[in-house]
Amino acid sequence: MPARREAGALSDLLASAGVLLAAGASAASILLPAGRLRSAAMLLAIALFPILILGDQWHTQQILDLRHDTSRIVALLLIGLATVSALAYLFRRWPLLMPLAIIAALPFRIPLHAGGDTANLLVPLYLVIAGGVLAVLLRDWAAPPAGGAVGGPAPEEALATAGGGGSPAATGPAGRAAQWLPRVLAAVVVLYAIQTLYSADFSKGLQNVCFFLVPFTVAYGLLNDVRWDRKLLRWALVVVAAEAVAFVLIGSVEYVTRSLFWNDQVIRSNEFHTYFRVNSVFWDPNVYGRYLALVIVVATAALLWVQERRAFASLAVLVAVLWVGLAQTFSQSSFIALLAGLAVLAALRWSWRWTLGVVAVGTVGAVLVVLFVGGSGKIRLNTDTSGRANLVSGGLELFTERPIQGYGSGSFQHAYRDHAANKDVPVSISHTEPVTVAAEQGLLGLVLYLALIAVALWTMTAGLRGLMPGLPNAPPAGGAGGGPAPEDASATAGGGGSPAATGPAGWAVGPSAGPAARAAVLAAFVALLVHTMAYAGFFEDPITWVLLAVGASLAAIPAVRQPA
């Protein structure tokens, strides 16, 4: 028995050290300049996270089944290695594919069955990230230390050292903000890892670090290497649009046939409601709704700056199709997030004052409707919010008990049940991101969470006053299809000197980002942020990290203004 306890203590010590090492390596991957040391840190981070997960789950039924099936283990390893190697080769040969592959893999989770349980993991995304890391490693160790960035400029043009993480130097409109974003992001990751050490649920905290924070931080570093020029941005729009339309078609089949492909909980819920919710290839209708809302925001941004009528018509049809898909989710949080993103676009494209007024009036009206139509009282509020009100109030109570350090990373479910009168109450998170952060990490985590949001918005909005017609000191809006007039194209698109240089959707121009691209990223980030107020999943959603990386990269590129 003493020997078993000693072995358990040693295992816990190694797991704790491994979590800190993985978090530190992933933080280094966005803080160090591009080169051999940074690529080695990426490799260490991406290699540690599956090892830590295996160690944490070694005695669970899922891993026990695998341990007794040697042929299955060998087959999985060979398939994984072959896939990562093939992706690394493709990314080295065609660097444009790496960021597009990351974006394309964002929605897909693979159900893995073992021991009678099912886990839905972002396996395609993990493989793509691993392939990107291997491509960067081969590049940095096969070339002189001053090698260029994957998908980015040539070595002599690389400006990777000033912004950290291989990003362009902070010479663009973002300035110091682009330097601070990776620093704050790295601090968030490291603090979360440290707070797993005293967590009421260490295993859950470890899983959050390994499944989300570590690989997503590495993905941020990979995407921050990329020069997001017109060609790449347009292809990114094509990828997300094609996938979203495919998801809507699948969801529409579910809606018409009144049958879902998976998620027994939603299937049972549909049996008791007068409406029918679909989830397409996603596990949760709200996550599906979030994805569609973000793609609608991005497509609308392109629509508002479009200059060609054919492109305008195509984008309008796309937005209409996605609206149909969103309606089939019956996700209230996704509709609210969509409205928030569209409000940002309206403020940037037309008038921030008028938009602010409309939002204020709409908010007051919504509150009055809830009070006078929906009723009042704690029980009624909890019913209307599907139990979220109790989770929020319970999370706030947890925060007041440990306001400085919280209960530890990943501990919300465990701590909430310990304090709940009904120990069998179903709960995972508070569904409100700042409440979850406050309960688990206390003021330490909450301050960093708010700092990250502030720095991200600072980065994404830097320099927009000279680009957006709705902001002060900006060129006026005009032109066909909501885009700038031809004579203003060079001034509003960030360079290029001619109307044709803006492309069919005003997406980007030459080396600098066009207004549509920067508006799309900012509006999508705000929409996602609003959605996490009702459905959490800020750090656990890879889209967050992609938006942060793309937003920082676009803002860090100097805008070239041509005289009108």
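Predicted model: local features only at pLDDT ≥ 70, side-chain atom pairs only at ≥ 80, totals over all residues.

**Stop 1: α8 and α21.** Select residues 202-224 for helix α8 and residues 542-556 for helix α21. Their axes lie 9 Å apart and pack at an angle of about 25°. That angle is under 35 degrees, so α8 runs roughly parallel to α21. The crossing of α8 past α21 is right-handed.

Now show side chains at the contact. From α8, pick L213, F216, T217, Y220, L223 and N224. They meet P542, W545, V546, L548, A549, A552 and S553 of α21. By class, the residues of this contact are ten nonpolar, three polar and no charged.

**Stop 2: α7.** Select residues 176-194.

Next, colour the buried residues of α7: A177, A178, L181, P182, V184, L185, A186, V188, V189, L191, Y192 and A193.

**Stop 3: N263.** Go to the loop between α9 (230-257) and α10 (264-272), where N263 lies. Check its backbone: phi is positive, about 80°, although N263 is not a glycine. Is N263 buried or exposed? N263 is buried, because its relative accessible area is 6%, under the 20% cut-off.

**Stop 4: S280.** Move to the loop between α10 and α11 (285-304) and select S280. S280 is another residue other than glycine with a positive phi, here near 55°. S280 is buried too, with a relative accessible area of 1%.

Definitions and conventions:
Residues numbered from 1 in each chain as written. Heavy atoms only, no water. Axes fitted to C-alpha atoms, helices over the stretch in contact; angles between N-to-C directions. Helix = DSSP H or I, 4+ residues; strand = E, 2+ residues; numbered from the N terminus. Parallel < 35°, antiparallel > 145°, perpendicular 65-115°, else oblique. Left-handed = near helix turned anticlockwise from the far one by under 90°. Contact = heavy atoms within 4.5 Å. Nonpolar A, V, L, I, M, F, W, Y, C, P; charged D, E, K, R; others polar. Expected span 1.5 Å × (residues − 1). Buried < 20%, exposed > 50% of the residue type's maximum accessible area, 1.4 Å probe, protein only.
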